[in-house]
Amino acid sequence: MWIRMRLDIGWRDIASGFGFCVMPIKRSIAEKRAKDSWSRGDDFLITLSVRSAFDLMLRALQLPPGSEVLLSALTVPDMVRIVKLHELVPVPVDTDEAGNIISDSLKRAISPQTRMIVIAHLFGGSAPLDEVHKVAKDHDLLVVEDCAQSFLRPGDSGHPESDAALFSFGPIKTASALGGAVARIKSPELRERMAGLLESDSIQSRKSFALRIARFSVLKLLSGNFMAEFTRCCVERFGGDFDSMSNSAARGFSSAELLKQLRRQPSTPLLRLMERRWQNYDFTRIDRRMRMGRLLDTKIGIKRGAFHSYWVYPIFVRDPIAVCERLCAAGFDATCQARMTVVPAIDDARKAVSACSRWEHAVFLPWYPDMPFEALDDMIDLLSESDIRKGGI
Ligand SMILES: Cc1ncc(COP(=O)(O)O)c(C=O)c1O
């Protein structure tokens, strides 16, 4: 069975990660090396996760309670939760067929309480930002780019006018270090305030990072074709739900006490693993993923205007459950469950109608550069013309 996702980290990196957990090194040296291997600039911070960086930014900004934070309508639930935990109000901005912000929805979402816009570059795509920056300038709003799904190269920094750009190296991300993130922050004052707060946070322990590596090693072991099929059979035999189990297995932090888990500095071994990944990652994997994506686009008939790195490949179908069942029966672990959510509306005028309707029809295909092109052909052959809703993210 082709499992839905494989961790983008090799056994040598995992072995090195374990090694870093036991080898002593001065933290300041590990930090400097990691920073140097990301970029020669000094406009960024390394944090435990994108969610940690976002929380840190909100801690540093101290926006008045009740301020509104606009979020692209599709995002991960924790980003919405973090906004609420800061006593701020999350407001969705609707997205169109290509996953981009709908201009009218953006203008409608703004109120006198709005302070910030968070734009997620979804699925490996690249959302156009010129219009967003123009609107943000007119209303004096901060712009945060959530690049958790769109990392391409060390030193990526997002749009130069954005106040922040956040890149994730969590377990399911490109060039995973099983954790860690980079936050490029434009304002030196804000960056300094964030750095001060970050320094006062506790440091993730070596033991906790070692346990995390162990957990994801088991998941990696189970994601080979034979082991994935075997695990599915075992889970189903004992009455379990393989789909839900697969989605929660790769979760980075549990939902309980979210802020407590986010407010930690990355451990020294995690800094070393990030350095190793940025220096040694085989970037041709992204090129191959892009070739796979373009091939599928052609076969399905999807036209994308902007750059796309195809981190995942969702399709939008009339009957997602039937399509998933058909694909799963043929050995492709497609899912209509994903770890993302549509940001709930706070009033009728600001509903994300388009994002909601697309999200109900999404199916995520198994997707990683190790998949042979023949497997992609087989997947497409299982989809009929009538399944596909044209125009996709
Ligand atoms: C769009 C988006 N934002 C934020 C995050 C959170 O990233 P992290 O796990 O580094 O906190 C994710 C993780 O999948 C994501 O997809």
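**A note on the ligand site and some helix pairs**

1. Let's start at the ligand: a polar side-chain atom of D146 lies 2.5 Å from one of the ligand's nitrogen atoms. That pair is a polar contact, meaning two N or O atoms within 3.5 Å of each other. Please keep in mind that this is a predicted model, where local features need pLDDT of at least 70 and side-chain atom pairs count only at pLDDT 80 or more, while totals for chains, interfaces and linings use all residues. Residues are numbered from 1 along each chain as its sequence is written, and side-chain values use heavy atoms, with hydrogens and water left out.

2. The side chain of Q149 has an N or O atom 2.8 Å from a ligand oxygen, and a polar side-chain atom of S168 sits 2.7 Å from an oxygen atom of the ligand. Of the 390 Å² that the ligand exposes when taken alone, the protein buries 93% (accessible areas by the Shrake-Rupley method with a 1.4 Å probe).

3. Which residues surround the ligand? They are S49, V50, R51, V76, D146, A148, Q149, S168 and K173, where being near takes a heavy atom within 4 Å. This shell divides into three nonpolar, three polar and three charged residues. Here Ala and Val count as nonpolar, and Asp, Lys and Arg as charged.

4. Now for the helices, which are DSSP runs (H or I) of at least four residues, numbered from the N terminus. The axes of α3 (residues 50–61) and α4 (residues 77–85) come within 10 Å and cross at roughly 20°; axes are lines fitted to C-alpha atoms, with angles from 0 to 180 degrees between N-to-C directions. That makes α3 roughly parallel to α4 (angles under 35 degrees).

5. How does α3 pack with α7 (residues 188–200)? Their axes are 9 Å apart, at an angle of about 110°. That makes α3 roughly perpendicular to α7 (65 to 115 degrees).

6. Finally, the axes of α13 (residues 284–300) and α16 (residues 373–381) come within 11 Å, crossing at roughly 30°. These two helices are therefore roughly parallel to each other.

Terms used
A polar contact is a pair of N or O atoms within 3.5 Å; within protein, one must be able to donate a hydrogen and the other to accept it, and residues adjacent in sequence count only if both atoms are side-chain atoms. Angles under 35 degrees count as roughly parallel, over 145 as roughly antiparallel, 65 to 115 as roughly perpendicular and the rest as oblique.
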